[in-house]
Amino acid sequence: MRIFLVRHGESVGNIDDRAYRQFGDHNVPLTQWGYRQALEAGRAIASHLDGLPGLGKLSIWYSPFLRTRQSKDALLEALPAELVGDVREDYLLREQDFGLFTEIYDRAEQKRKFPDEFEKWARLRNSSGKFYARPPDGESRADVAQRVRLFLQTVMRTDENSESMIVVGHGVTNRAFEMGFLHHSVEWFQRSDNPGNADVTLIEGTASAGFGSILLHKAADRAKGQESELRDAHGSELTITSKTGQ
């Protein structure tokens, strides 16, 4: 069995966090660069699968957020149609919910707008650890790992005969998937980093021999001089606008 974990490509929010406030976390689109990154991820998967014997259809699962749906579309554009089987959305693969801080990524602004909640979250991180501490009205990383484990149970029941699948998710959810599937410890999660935009992690093995993971594809980052290229939202005329009073 092989599982390709793909993080969404670069989103508008990755280059300007005002996007989360303007569009809402679930509706932040890819940049044009991010769509190209996802296309390259699809080509890397297709290249890896090319020539493998007895290859069945790929099952594809994806988060319902816009940036992951667009990344899924890019993968489908790059993959040979004859390789693609069922394509399914699952809300259990959504991004971590940061509650009151979902639209505020600057710590100073978090503290200014919600001083009491910010201090409580800081105390929880110190006393319980970052893995278990919940942002106000949000999810801890442990919460994300728990719902991803529920997704894993769904996948194993639904796709128990599938030899290959792709999961298109987010940084924390993909890391939680790898942790849960490979039975890694909380310490492993704490030491590891989120995959980069459009990175592909391959989990491969058998129940009898065991499973392991490798970074199959590292997406291209912007090189010096390319910072201003392809920053517009993919597939639309969406732009980031300033709000009055901010």
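Is His217 buried or exposed? His217 is buried, with a relative accessible area of 16%; buried means under 20% relative accessible area, exposed over 50% and partly exposed in between, with a 1.4 Å probe and protein chains only.

Before going on, note that this is a predicted model, in which local features need pLDDT of at least 70, side-chain atom pairs count only at pLDDT 80 or more, and totals for chains, interfaces and linings use all residues. Residues are numbered from 1 along each chain as its sequence is written, and side-chain values use heavy atoms, with hydrogens and water left out.

**Whole chain.** Show the chain as a cartoon. Its secondary structure comes to 9 helices and 6 strands, where helices (H or I, at least four residues) and strands (E, at least two) are DSSP runs numbered from the N terminus. The radius of gyration is 19 Å, close to the 18 Å that the globule rule gives for 246 residues, so the chain is as compact as a globular protein of that length; the radius is taken over C-alpha atoms, and the rule is 2.2 Å times the number of residues to the power 0.38. Along the principal axes, the C-alpha atoms fill a box of roughly 60 × 40 × 30 Å. Of the 246 residues, 50% are buried.

**His217.** Select strand E6 (residues 210-217), where His217 lies. Then display what His217 touches, leaving out residues up to four places away in sequence: Glu40, Ala41, Ala44, Ala198, Asp199 and Val200. Contact means heavy atoms within 4.5 Å.

**Helix H8.** Select residues 171-181. H8 is mostly covered, with 11 of its 11 residues buried; among them are Asn174, Arg175 and Glu178. After H8 comes His183, whose phi is positive, near 60°.

**Second largest pocket.** Select Met1, Arg149, Leu152, Gln153, Met156, Gly180, Phe181, Leu182, His183, Thr206, Ala207 and Phe211, which line this pocket. On a 1 Å grid over the protein atoms alone, a pocket is an open set of points where a 1.4 Å probe fits, with protein on both sides within 12 Å along at least five of seven lines, and lining residues have an atom within 4 Å of a point. Helix H7 (141-158) and helix H8 each give two or more residues to the lining, and H7 gives the most, with 4. The pocket holds about 260 Å³ of space, a volume being the space filled by probe spheres set on grid points joined across faces, edges and corners.
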